[in-house]
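Subject: Handover of a structure and its findings

Dear colleague,

Please find below the structure that I am handing over to you. I would be grateful if you would look through it first and then read the notes that follow.

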Amino acid sequence: MHARALPLLVLLTGCDADPDDTAPGDDTGPDADADTDADADTDADTDADADTVPAHRITGQVTWTLDYDPVAEGEGYADCTYSRSYEGVEFLDQPYLCPECDFIATGTAIMTSGFAECYEPVFGGEADRVESWGFDWPESDGGTAVFYRGSLANLSLAELTDVLGATLDDALPLGWTAEYTLADFDLPGHGSLTLDATGEVTVVVDEATRLTDPATPRTDPYDCTWPLGNPGTLETDWILSEGEVLPTAWLEDDCDDVVDLWDFHGTYVVVEASQPDCGYCVTMTQAAPAFLGEMEGLGVEVRIVTLLGESLSNVIGEPTDTVLDQWLARYDDGEPVLKDRGYGYAVFGRYFGDDLGYPSYALVRPDTTVVAVYAGFSSWDPVKADILADLDR
């Protein structure tokens, strides 16, 4: 993670995410409740060719034991267990949710026992839910894989445990332990609990289910007339860093096209993670036309790409058509506004850590490498200064 302290001005002029968005999750781990609702592009009838790859499928069963300490037991809490089964299919269109993963699958985790008597009194929620499971897989059979998991749509997956002797098609033992206080889950009383998970996982390659790589440069024109600038030679490790290629994303615009951020290659671009109810995001957007006009007067072409989330209370949520249309009705300046799907929170969150605020944005060179990263807004002057300095370098 690239984290740094922010200047006081930024901390005073940014919109903070709702603390609930980063609260400890249930059975995932202290920071790890994560997931995606990505719609993998699969077609069991498609012949294998250079444009598709076979999908990984992940199945698993896990049982969690909640072991309360004597203080919590004295408050009336009793040890218990609950279990889930899981089946997921790989998706390719949100690799920024787990840069370390070789593959991520999304699927349904079904509660098979213990919901009413164990899980629901502590964690609430529904018995069944969508989860994402991912792996950093070893290069050869029998090596050590690293397991990642999450259970909120569009939130970054987090590392849970190593899986020894990782081999495709074999059932592999899976387990991890996490410790919490009752206060971590807003439970009454004092004391703590240990959550111990044990189970197994199987990974197979399904040749009949083919996935289309979203990174293939687009050739069909965008209905909203955005450029098709992706040169097809860019590479990223999905980590935001100055001097490195901006991680791309494929996000929907108001013309219902999925837009590749790398298609804005060839000009200076400001990629901005924004929320519709963030006052400083609105101020930044309202000031954008004057900034763009000023840069045009200096002979410098700049694009601003806004990645719009659902709200500050759900910063990882994908906005509805209504939210997007309302934003465009108020602030449309002809620049792209895309429905974010966790990119802003994942990519800028890794950069800023606990100092993440909204808006967060990156200045990108015409070659798609990052010049600078910012959080909060007071004026466009720092971006203008950085562009002019970059031109003189």
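**An enclosed helix**

In helix α6, the buried residues are Tyr343, Gly344, Tyr345, Ala346, Val347, Phe348, Gly349, Arg350, Tyr351 and Phe352. Here, buried means under 20% relative accessible area, exposed means over 50%, and partly exposed lies in between, with a 1.4 Å probe and protein chains only. Helices (H or I, at least four residues) and strands (E, at least two) are DSSP runs, numbered from the N terminus. Just after α6, Gly353 has a positive phi of about 60 degrees.

The model is predicted: local features need pLDDT of at least 70, side-chain atom pairs count only at pLDDT 80 or more, and totals for chains, interfaces and linings use all residues. Residues are numbered from 1 along each chain as its sequence is written, and side-chain values use heavy atoms, with hydrogens and water left out.

**The protein as a whole**

The protein has 7 helices and 16 strands. Of its 393 residues, 52% are buried. Among contacts (heavy atoms within 4.5 Å) with a separation of 6 or more, 70% are between residues 24 or more positions apart. The protein exposes about 16900 Å², of which carbon and sulfur atoms supply 48%; accessible areas come from the Shrake-Rupley method with a 1.4 Å probe, and for residues only the protein chains shown count as cover.

**Helix α7 and its surroundings**

Which residues of α7 are buried? They are Val383, Ile387 and Asp390. Seen down the axis of α7, these buried residues fall within an arc of 65 degrees, so they line one face of the helix; the arc is that of the directions from the helix axis to the C-beta atoms. The buried residues of α7 pack against β12, α4, β13, β15 and β16.

Leu388 is also found in α7, and it is partly exposed, with a relative accessible area of 31%. Together with Leu298 and Leu391, Leu388 forms a nonpolar patch on the surface, with about 250 Å² of accessible area in total. Patches are made of residues with over 30% relative accessible area and no salt bridge; like charges are joined within 9 Å, and nonpolar side chains (Val, Leu, Ile, Met, Phe, Trp, Tyr) within 5 Å.

**Salt bridges**

Side chains of opposite charge can pair when their charged atoms come close. A salt bridge is counted where a side-chain nitrogen of Lys or Arg is within 4 Å of a carboxyl oxygen of Asp or Glu. By this rule there are 13 salt bridges.

One of them joins the side chains of Glu294 and Lys384, at 2.4 Å from N to O. Glu294 lies in helix α4 (residues 279-297) and Lys384 in helix α7 (residues 381-391), so the pair links distant parts of the chain, 90 residues apart. Glu294 is partly exposed at 37% relative accessible area, and Lys384 is partly exposed at 21%.

Another salt bridge joins Asp206 and Arg57, with 2.7 Å from N to O. Asp206 is in strand β9 (residues 192-212) and Arg57 in strand β2 (residues 52-68), so this pair ties together parts that are 149 residues apart in sequence. Asp206 is buried at 17% relative accessible area, whereas Arg57 is partly exposed at 25%.

A further salt bridge links Arg129 and Glu131, whose closest N and O atoms are 3.0 Å apart. Arg129 is buried at 15% relative accessible area, and Glu131 is buried at 1%. Arg84, Arg129, Glu131 and Arg149 are linked in a network of salt bridges.

**Strand pairing**

Two strands pair if DSSP finds at least two bridges between them. Strands β2 and β9 run antiparallel and are joined by 17 bridges; Gly60 stands opposite Val201 in β9. Strand β8 (residues 172-181) also runs antiparallel to β9, with 10 bridges between them, and Thr181 has Ser192 in β9 as its bridge partner.

Yours sincerely
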